[in-house]
There are 2 protein chains.
Amino acid sequence: MSYPQITFIHTSFPSSSPSFISRRRGVVYANTLLYQLNVLKETGRYDAFKLKWHDSYSDKPNVWPVPNHLFWDSDVAKWLEGACYFLMTEEGENEEIDGAVKELVQMIRGAQGEDGYLNIHFTVVEPAKRFTNLRDLHELYNAGHLIEAALAHSRHYQNDLLMEPLVKYVDLLYETFGPGPAQKHGYPGHPEIELALLRLYEKTGNPKHLSLAQYFITERGNPTGQYGRHYYDVEAEARGEGEHQVPAYMESKGAYWYHQAHKPIIEQETIEGHSVRAMYLLTAVADLVRVESKTDRDSYRKALQRLWSNMVDKKMYLTGGIGAMGQWEGFGLDYFLPSGSDEGGCYAETCAAIGVMMLAERLLQIDLDGKFADIMELCFYNAVMTGMSAKGTQFTYVNQLASSDKHLSQRAKWFTCACCPPNVTRLLGYIGGYLWSFDTDEQKKSVLVKVHMYSSAQLSISVGKDTVELEQKSNWPWNGKIELTLRGISEVATTIKLRIPGWAEGWEISPSLPSKHVEKGYLTLPADWLKHNPKFELNIPLKPRFVSPHPYTNQDIVALARGPLIYCVEDFDNSWVDDHFKSLLLDPTAAIEEKEGAADEVGEPYIGLTIRNAASFIDVDKSHAPHMSLKSATQEKASGADELHFIPYALRDNRGGKGHMRVGIRRKR
Amino acid sequence: MSYPQITFIHTSFPSSSPSFISRRRGVVYANTLLYQLNVLKETGRYDAFKLKWHDSYSDKPNVWPVPNHLFWDSDVAKWLEGACYFLMTEEGENEEIDGAVKELVQMIRGAQGEDGYLNIHFTVVEPAKRFTNLRDLHELYNAGHLIEAALAHSRHYQNDLLMEPLVKYVDLLYETFGPGPAQKHGYPGHPEIELALLRLYEKTGNPKHLSLAQYFITERGNPTGQYGRHYYDVEAEARGEGEHQVPAYMESKGAYWYHQAHKPIIEQETIEGHSVRAMYLLTAVADLVRVESKTDRDSYRKALQRLWSNMVDKKMYLTGGIGAMGQWEGFGLDYFLPSGSDEGGCYAETCAAIGVMMLAERLLQIDLDGKFADIMELCFYNAVMTGMSAKGTQFTYVNQLASSDKHLSQRAKWFTCACCPPNVTRLLGYIGGYLWSFDTDEQKKSVLVKVHMYSSAQLSISVGKDTVELEQKSNWPWNGKIELTLRGISEVATTIKLRIPGWAEGWEISPSLPSKHVEKGYLTLPADWLKHNPKFELNIPLKPRFVSPHPYTNQDIVALARGPLIYCVEDFDNSWVDDHFKSLLLDPTAAIEEKEGAADEVGEPYIGLTIRNAASFIDVDKSHAPHMSLKSATQEKASGADELHFIPYALRDNRGGKGHMRVGIRRKR
Ligand SMILES: [Zn+2]
Ligand SMILES: [Zn+2]
């Protein structure tokens with residue numbers, strides 16, 4: 001049982017061999033943490049735990065019935081969590097960040113009620129309404145993020161200044177929620193506390209913490225949870241919600257699939273509703289399955305497999321983004337994956353892709369299968385990393401695969417609902433935990449390291465008094481050569497499993513291995529081979545290639561990929577574009593050329609791609625509606641665009657331009 | 001100024017040369033009128049004007065806040081209107097229909113209040129709420145349909161038994177609505193009364209009738225209509241509608257684009273919202289433009305052009321169906337035209353296509369352009385005629401272009417909201433008015449006949465004491481040969497304009513014409529030529545062809561067309577299908593064979609189409625997500641289907657089967 005938020009501490013990123021990951025981390029440590037801290041201060045979030053009135057508390061909600069400031073607790077908590085991860089791993093003091101963490105912790109401690117209650121909105125604005133709207137009002141979501149912050153804080157500062165109030169708050173929650181006749185049989189509309197409680201339990205061993213997480217997970221979607229009815233129905237009635245009042249994000253009264261609460265999780269056949277909620281929930285389910293491995297949670301295990309497959313096979317964009325439907329920030333019909341809002345939808349929230357990574361990592365621990373790691377890496381390098389600018393001070397919430405006049409490809413400085421920016425921060429804080437996982441056996445003096453993602457990084461594992469170190473040096477994802485060095489294994493039988501990505505068209509290892517058998521995406525390097533070959537090199541050729549989504553998406557497009565990276569075209573270096581590349585046709589038999597891009601452009605010495613003499617355009621003016629001869633429908637104009645230039649989707653919108661961008665280009669016949 | 005509901009009386013369908021149209025009319029006269037009458041009786045609609053309580057009045061609305069029985073007035077009115085049209089034109093007595101019409105009229109007369117008010121729901125169920133919810137409650141829509149019924153009734157029976165109460169009701173409406181300080185500055189959420197009032201004005205010449213129509217049209221969408229605010233806002237507030245109460249069909253509070261009332265009509269740039277409402281409204285706008293041709297209605301004329309083009313070019317299915325969005329029974333984004341609900345939407349309500357025909361006919365009168373007639377004919381033979389079964393006793397409401405397990409290709413006996421079935425009835429009642437239009441000049445003793453649609457039919461026009469007759473004999477749409485005979489022109493200079501369809505790849509006329517110039521889709525036969533050639537023949541070859549929608553629809557499909565007919569595949573004669581033809585690929589270079597189908601199968605001796613050795617299938621199992629190599633994405637399996645059989649979309653679901661159907665087949669590379 002391990003969590004990347006715990007194991008990341010075993011990983012370091014030597015400054016001697018920088019990589020994409022270490023450079024992104026460097027930007028966050030140098031710029032983002034402080035930038036976000038200043039935003040927290042300017043917007044009132046930083047001081048909010050002082051429990052004074054803030055003018056914005058009177059604002060009309062952008063999305064009824066959710067006050068705009070409702071998430072402030074979590075914004076602060078995620079920043080705090082991320083800050084602690086960086087303080088734990090980065091070299092050099094950072095007094096400003098350190099000081100802010102300490103001050104915030106004091107404010108949070110001061111904000112707790114006598115009975116343990118801890119929430120800004122329901123203390124300052126609506127004190128009488130605590131726990132009356134679990135469905136909409138993110139009370140327990142905020143609590144979950146505060147618990148995660150406390151876990152990070154106690155780890156770094158080795159004190160309980162933040163943990164103490166949170167454990168006290170959880171005691172109150174444990175009394176409030178549960179199966180008892182005087183308890184509320186409720187659970188949060190936005191999952192998060194479940195995974196936080198399971199992590200808390202791992203630290204505290206307090207059975208109450210496990211029990212409350214179990215309750216929230218297993219009670220969810222119970223049609224007869226409270227007085228024989230769905231908890232959210234009873235709760236809504238109790239607060240006098242009108243029969244025809246329903247938040248805009250819910251399709252209709254009682255459409256609890258938005259919250260993944262339309263039926264018990266084990267009965268859910270397809271992944272539905274709000275995508276971030278779904279990912280946080282399933283991450284917690286995977287953790288529950290792991291904690292309770294001895295008891296029978298087979299139906300939850302099956303639900304995880306079923307919902308994961310439905311998501312990945314039918315509801316995921318080729319960038320790893322999930323959620324086609326802006327209306328409810330979530331999943332649409334199977335295979336409904338339009339490229340942009342002008343074509344019917346494309347949301348792909350940054351947080352949702354972070355959630356996919358969380359879930360994939362847990363599933364990898366349950367079942368070591370490269371298909372999970374492939375998606376984890378796809379999300380990281382595309383749907384997640386596109387969420388932050390090169391300088392680390394601009395962010396996305398929505399990550400469409402094509403821009404339109406209404407929704408340009410542009411990052412923003414911040415958001416009213418600011419879940420995404422601090423989520424990227426904390427993810428990069430513990431990203432080391434995603435690179436590899438390991439199992440040690442002190443008795444047998446053995447260790448098994450599973451390498452999921454390549455980069456330049458160093459893993460350090462204690463086995464008894466020995467320390468095994470595995471170092472990888474690579475300019476991944478730009479270069480497919482990975483040099484690995486194993487140290488300290490004279491007394492420790494060490495086995496390594498190396499992921500061979502699903503997209504790899506080939507791979508080589510040297511010195512050569514006795515067996516090149518790859519099982520479920522992983523190549524095993526046996527302990528005896530490693531003893532003789534502690535230095536070895538893996539080579540995975542990174543050739544640019546064309547990829548396409550499932551034909552049922554009705555997206556007859558090709559995108560360029562290279563290794564785990566998905567590319568896009570931008571107007572910056574295709575300046576002729578005036579229609580967001582909507583009429584562009586690309587011949588997928590064309591050769592793809594690589595070209596090194598300047599680091600100063602995008603914060604990263606990258607590889608761009610160019611295709612020559614393969615572009616044409618739909619002759620839109622020749623088209624007439626509602627139907628036309630096939631010949632007219634497929635009429636093409638010659639292109640003025642002799643060259644098409646592609647840049648990784650993660651690096652888009654860093655060089656100026658007018659915001660025209662597209663990932664999947666219409667396929668020329 | 002003419003209306004097809006008036007001019008149809010000039011057209012007869014000689015039983016000596018039956019055609020698609022006359023056979024469909026025959027079915028309605030023999031079966032449908034009586035069948036629908038019985039349904040009206042069984043469901044309580046027939047007796048509802050007796051103003052007794054009906055059990056169903058207590059039912060919870062399927063769609064809040066609209067009571068399920070709210071449309072009963074209009075269901076009866078449309079049937080009544082249709083019945084009168086048939087009684088006027090069909091030979092032979094029909095005592096049962098005639099008797100029912102007379103009884104209904106007596107009941108309607110008896111249902112009128114002292115002050116002229118006439119509405120079932122607001123008299124029986126909610127008498128205090130009259131005119132308090134124009135936005136949702138269809139009060140004026142019902143009134144409009146009753147006016148249209150009265151116009152048909154007075155024409156056939158040559159009495160005012162139904163007209164009298166309606167004129168009295170309109171007097172009340174005229175007092176109630178208008179710009180005066182004591183009047184309501186409102187207009188109906190569902191247009192219909194506007195076009196009815198304009199037709200009424202044509203008959204009565206009463207300026208109040210014109211004035212009220214003008215008011216409803218020009219006031220619509222006024223942001224400061226009532227007390228400086230939008231009328232619907234003021235009205236909603238007055239009835240105490242909660243801030244977060246909003247009907248499910250409205251996207252959000254104040255989203256009046258659903259009702260085409262988000263801004264004044266002349267400012268509307270794109271066609272939006274509920275498709276039937278939009279068509280009824282624009283039909284009335286076109287009528288207003290025609291009535292007021294002397295005054296300046298140029299901005300309305302431009303709005304008509306703009307909205308028509310937006311609809312036809314970007315929001316119309318290749319069957320002529322409109323409305324991709326089931327949520328609001330209406331228009332989606334430009335080019336958003338998925339084939340079925342499993343792919344994101346496809347509504348294409350039967351009434352909406354009838355509305356397109358109404359609008360197209362009006363636009364043809366304003367501007368004789370074959371592009372309007374092409375769409376009118378496309379709608380009739382596909383999106384409308386698919387709405388009724390061969391026997392005339394089953395109907396559709398939604399007309400998807402592809403079935404799915406949730407929404408099979410199946411007609412129903414009736415609907416709770418039953419707008420469509422009687423709408424088909426009344427359309428076929430006056431369909432003769434769509435075939436042609438004419439202008440006479442008594443002074444010059446001249447007539448101009450514009451032939452818009454071909455069939456076997458006879459037109460009879462009085463010019464002074466002379467009667468000009470034009471007869472067309474044709475087995476259209478199965479055969480492109482049309483024999484035309486003109487009679488009675490010795491004293492009348494007669495010119496004919498023949499429509500040459502936009503899809504026609506060629507045409508021939510014999511005897512030959514001096515000029516073969518086709519202007520805006522019409523070929524002129526000059527009076528002097530006709531004098532010498534009163535019998536002539538037009539030949540428009542009807543060759544099957546492949547058609548496709550605009551590439552921006554992301555529907556990379558081909559459909560089969562022949563003349564105005566669009567075809568589909570059904571499981572009945574492609575029995576291997578198990579996936580609604582979703583994985584089917586069709587090679588559009590294949591030859592298309594014609595095959596005569598048996599009349600007893602579908603009520604019509606039709607031409608089926610067959611394609612051999614051109615089908616294959618997507619190898620769905622080879623696909624993996626979220627992306628794959630282009631090769632995998634385009635992998636095909638050989639087909640077991642050596643032959644694909646196609647049948648006109650209008651004739652689908654008449655032969656049994658399991659309800660698998662598709663119009664547009666994925667295009668094979
Ligand atoms: Zn977010
Ligand atoms: Zn209808």
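A residue is called buried here when its relative accessible area is under 20%, exposed when over 50% and partly exposed in between, using a 1.4 Å probe and protein chains only. This is a predicted model, in which local features need pLDDT of at least 70, side-chain atom pairs count only at pLDDT 80 or more, and totals for chains, interfaces and linings use all residues. Residues are numbered from 1 along each chain as its sequence is written, chains are lettered from A and ligands numbered from 1 in the order in which they are written, and side-chain values use heavy atoms, leaving out hydrogens and water.

Let's start in chain B. With a relative accessible area of 0%, S19(B) is buried. S19(B) touches S455(B), S456(B) and S474(B), leaving aside residues up to four places away in sequence; contact means heavy atoms within 4.5 Å.

Next, come along to the metal. E349(B) (OE), C351(B) (SG), C419(B) (SG) and C420(B) (SG) coordinate the zinc ion (ligand 2) at 2.1 to 2.3 Å. Donors are N, O and S atoms within 2.8 Å of the metal (3.2 Å for Na, K and Ca); water is not among the atoms, so sites may look incomplete. Along the chain, the donors of the zinc ion (ligand 2) show the spacing E-x1-C-x67-C-C. Both C419(B) and C420(B) are buried.

Finally, turn to chain A, which is divided into domain 1 (1–220), domain 2 (434–539) and domain 3 (544–667), with bounds from an automatic or database domain assignment. Domain 1 of chain A gives 11 residues to its contact with domain 2 of chain A, which gives 18 residues. The C-alpha centres of these two domains lie 35 Å apart.
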